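Let's look at how the labels on a protein model get decided. Have the picture open and check each one as we go.

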Amino acid sequence: MEAEDYTHVESEEETVDHTIKHEKSAAGILCSLKTSHGSQASHLLAPQRVLLLSVIFSILDHVLYSSSGSRLLAEYLGIETMLAIVCKTSDSVKGLETYEKDGSITKSSGIHGLGISIGRKLDGRFLVICLENLRPYSGEFICDDPQHRLDLLKPRLPNGEPPPGFLGFAVNMINIDNDKLFCVTANGHGLREILFYNLFSGLQVYRTRTDMLQALPCTSSGAISLDGGIIKTTGMFSLGNRENIAVKFPKSCGTSNLRANYFETARRITEMKWDKERRLEDMQRERVLLDHTRYNFDIKKKELLKFIAESSSYVTQVIKALVRILNNSVPIQVVIHFCI
């Protein structure tokens, strides 16, 4: 048996160090801010709102790791995507960059301003992925899978047989660290079905290039092979020498062997938190309505008291007139004229 090659597997710290070396990139500035200038970036880089794609990945499937899969997936995505910034909301995206009235970038604000403040000027464009705006996977999930893997339809050759050498789908060959497994959007989507599915879709993984090429009839969303073959999408092949991308996916610092009910329990906890937040919002709305009703009541009460006060003298005069009538001291015609 061949010795497994883990030389390409690096820790999250090593991934961050490699990213920092891209001095004029947004990802390099972001890593530098988080590691050495945290207090300066706290208002922009709120926890769990702005992340780096390269450090979101935790640990790849054993098959991929033992065969340079980390480097292969990084090469498939390309350096621009590997250095992408991932934001949870549109507001987080807006905070990264602001503009002047003529459409030019305001260099003194956002990540541009922070970069200048630490002596690292941002040069060129950079890719930002907004989870809130991505279209999530809409299919089913593998039953009782603690990693919440997608239940994708397995490829079949025209003769109905599974293609030889097929190892699985790249989107399902990523084991997410415990602390990132439930990094969900406001709509309740997890990283696998919202981020990784948009990056890899139905990307297939094969053992060899020969296996991958034989499976072309059932390859619709691209494929890679463990010996370096890459098909970007149907009809688009990536040939030539492998590209050495320094920024690779880090290995996990935790365990991926979760109990079978871990995911469901954590999901329920998250849903309970959302339910609590919704109830608090409902209570707040009811409080506003109650305050508004009380305000209107106080106004009506004041108007009534004012009316009573203004009409009290008139009522007193009428009562006195009636008393005098009863005492026959004033003719009834005079009282009627007075009241009118």
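Q: Why does Phe 169 count as buried?

A: Buried means under 20% relative accessible area, exposed means over 50%, and partly exposed is in between (1.4 Å probe, protein chains only). Phe 169 comes in at 7%, so it counts as buried. Keep in mind that this is a predicted model, where local features need pLDDT of at least 70, side-chain atom pairs count only at pLDDT 80 or more, and totals for chains, interfaces and linings use all residues. Residues are numbered from 1 along each chain as its sequence is written, and side-chain values use heavy atoms, with hydrogens and water left out.

Q: What makes Phe 166 and Phe 169 an edge-to-face pair?

A: Rings of Phe, Tyr and Trp (its six-membered ring) pair if their centres lie within 6.5 Å; planes under 30 degrees apart are stacked, over 60 edge-to-face, and the rest tilted. Here the centres are 5.4 Å apart and the planes are at 75°, so both tests are passed. A search of the whole structure turns up five aromatic pairs.

Q: Is Phe 166 buried, exposed or partly exposed, and what makes it so?

A: Its relative accessibility is 21%, so Phe 166 counts as partly exposed.

Q: What about Asp 282 and Arg 285: why are they separated by about one helical turn?

A: Because they're three residues apart in helix H12 (residues 262-326). Helices here are DSSP runs of H or I with at least four residues, strands are runs of E with at least two, and both are numbered from the N terminus. Asp 282 and Arg 285 also meet in a salt bridge, at 2.0 Å from N to O. Asp 282 is partly exposed at 36%, and so is Arg 285 at 47%.

Q: What makes Lys 232 sit over the ring of Tyr 76?

A: A charge sits over a ring if NZ of Lys or CZ of Arg is within 6 Å of the ring centre and within 35 degrees of the ring normal. The charged end of Lys 232 is 4.9 Å from the centre of the Tyr 76 ring.

How values were computed:
A salt bridge is a side-chain nitrogen of Lys or Arg within 4 Å of a carboxyl oxygen of Asp or Glu.
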